[in-house]
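Colleague: I would like to learn how to read the features of a protein model. Could we take them one at a time?

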Amino acid sequence: MGAPLILAIDQGTSATKCALIDAGGRFISRGTAPVGETHPQPGWVEQDADAIWQSVQTAVAACLAGHEPSAVIAVGFATQRESLLLWDRATGRPISPVISWQDQRGAAICDALRSDDTEHLVRTRSGLPLDPMFSAVKARWLLDHYDPDRVRSRDGMLCLGTIDSWLLSRFSGDHLIEAGNASRTQLLDVRAVDWDDDLLSLFGIPRICLPRVVASTGPFPSVGGLPPLSDGTPIHAVMGDSHAALFGHGAFSPGQVKATYGTGSSVMGLIAEPDDLQAGLCLTIGWMTDRPAYAAEGNIRSAGSALRWMAGILGIDVPVLVSMGLAARSDGVVLVPGFGGLGAPWWDRDAVGLLTNLTLGTTREAIARAAVESVVQQVADVVEAIRHSVGTVTELFVDGGPTRTDGLMQMQADRLGCTLLRAVEPELSALGVAHLAGLSAGLWDRAALDALPRPRDRFSAVATNLPSDSRHWRDAIARASSRRIRENAQ
């Protein structure tokens, strides 16, 4: 057996990534396997549960190739959140596809449930707005279609679970879910850290088909069936991917906020008091060891996807679009990427996409600039909502593919007027869950964890490349909102 290693498994929407991390916090090996998705109807996004499990097996084997598996003392899982599936408790076989977090089929259920009282109940108990992104309406849809009379689910024959729950079920008969992932289901009383009977009744979910909620450090079953990893290797940490990225940045104090830029964007920061939260933000359990660490989060639906869409419209690649936009002026042109409605801080599912303030003189370059600014402005709106909740944001930690562009990060720093710290290591979710797993396994104590290297690039606000006047952005958001549309239609 060699020097101790941590194996981090990051099961994301488009791929499963694995990393071996040594006692010095360094990445020494990586492995990856793609994961596909299907779109059987407009607004529906599905994945195959068995394919996800196979991707984990493939990525683990690739990561451990040429390394001594017995050196792995602990495993950590970071997983996509809110995605949900149904499986047979006795056989462990999936009954349904995985309904992705991106899926919007639950919108009609939300509309049918929506009232002032219902929205108040959902937000005060779960910390989340009533929205089809979260797991509760997916659970309702799955049971309505696969167990409409609830006979099998009430008899304990069916299991509902998120991706962490599904993967853990591969290793034992226990039906478990990690607290941070559970806090994204909209079925959890986020303060009591237990399933809420009123929410279960509202969505029609029998408690018996839900997993048992455990801390981010378990106890979890040991792994099995992941060769060449030794069967019996302990799992010491499970986290939602965005939560793990926050932990990987070392953002452990209120006022330290991270933004993950991807297809959408997750902006998250710890808060001292869970009741001090702006209405447009979600209350989330960042992680839980002996007690919950609460976080404020804003979820943006379209960030990188808005850049890809505009690049396709203009017939250019995304890097070309971003370079063009950073070098141009918007001339007041604004893109509101409300392709599937708007997320935080507006939570307006019926908002529309909007490209506004066009003239006969509008250029391709101005439109490209508007697309770039849409990413910056959305992140800024969420960060400013977090500022109102925690008092100040001293540092913004950033990660994700779009952050590799220096000009985009400088524009974000200028827009917010604060320092941006970009992680040099791109795999922050893997790093974060490895840090928690190593801490739980005793590889590090808290002082040693804090001392681990976290190389960063710094962007200080200098106001050299500010986005357009925010008044144009605010006006465009108002035009795109469903309330404004209804008013105009009257």
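Colleague: What is the order of the strands in the open sheet of seven strands?

Modeller: A word on the source comes before the answer. This is a predicted model, in which local features need pLDDT of at least 70 and side-chain atom pairs count only at pLDDT 80 or more, while totals for chains, interfaces and linings use all residues. Residues are numbered from 1 along each chain as its sequence is written, and side-chain values use heavy atoms, with hydrogens and water left out.

Modeller: Now the general idea. Strands of a sheet pair through backbone hydrogen bonds, either parallel or antiparallel. Strands (E, at least two residues) and helices (H or I, at least four residues) are DSSP runs, numbered from the N terminus. Two strands pair if DSSP finds at least two bridges between them. Here the order is β16-β17-β15-β14-β20-β21-β22, and the pairing is mixed. The edge strands, β16 (282-288) and β22 (456-459), each pair on one side only. From one strand to the next, the twist averages 30 degrees; for such angles, axes are lines fitted to C-alpha atoms, for helices over the stretch in contact, and the angles run from 0 to 180 degrees between N-to-C directions.

Colleague: How many bridges join β16 and β17?

Modeller: Six, and the two strands pair in the antiparallel sense. As one example, L283 has A296 in β17 (residues 292-300) as its bridge partner.

Colleague: Which helix packs on this sheet?

Modeller: Helix α13 (residues 406-416) does, touching β14 (256-261), β20 (395-399), β21 (419-423) and β22. Contact means heavy atoms within 4.5 Å. The direction of α13 makes about 150 degrees with that of β21.

Colleague: What is the strand order in the open sheet of five strands?

Modeller: That order is β3-β2-β1-β5-β13, again with mixed pairing. β3 and β13 (235-240) stand at the edges with a single partner strand each, so one side of each has no neighbour in the sheet. The twist averages 15 degrees from one strand to the next. Strand β1 (residues 5-11) runs antiparallel to β2, joined by seven bridges, and L5 stands opposite D22 in β2. Helix α1 (residues 49-64) packs on the sheet and touches β1, β2, β3 and β5 (72-79). Helix α9 lies across β1, β5 and β13, at about 110 degrees to β13.

Colleague: How many residues lie between β2 and β3 in their hairpin?

Modeller: Four, and G25 in the turn has a positive phi of about 80 degrees. β2 (residues 15-22) and β3 (residues 27-34) are antiparallel, with seven bridges. T16 has A33 as its bridge partner in β3.

Colleague: Which residues of α14 are buried?

Modeller: Buried means under 20% relative accessible area, exposed over 50%, and partly exposed in between (1.4 Å probe, protein chains only). The buried residues of α14 include L428, V433 and G438. Eleven of the 14 residues are buried, so α14 is largely enclosed by the rest of the structure. Helix α14 (residues 428-441) reaches 20 Å from its first C-alpha to its last, close to the 20 Å expected at 1.5 Å a residue; the expected span is 1.5 Å times one less than the number of residues. Just after α14, G442 has a positive phi of about 85 degrees.

Colleague: How many aromatic pairs does the structure hold?

Modeller: Rings of Phe, Tyr and Trp (its six-membered ring) pair if their centres lie within 6.5 Å; planes under 30 degrees apart count as stacked, over 60 as edge-to-face and the rest as tilted. There are ten such pairs. In one of them, F247 and W287 have ring centres 4.9 Å apart and planes at 85 degrees, so the pair is edge-to-face. F247 lies in α9 (residues 241-249) and W287 in β16, so the pair ties together parts 40 residues apart in sequence. Both F247 and W287 are buried. Separately, W53, F77 and F171 form one aromatic cluster.
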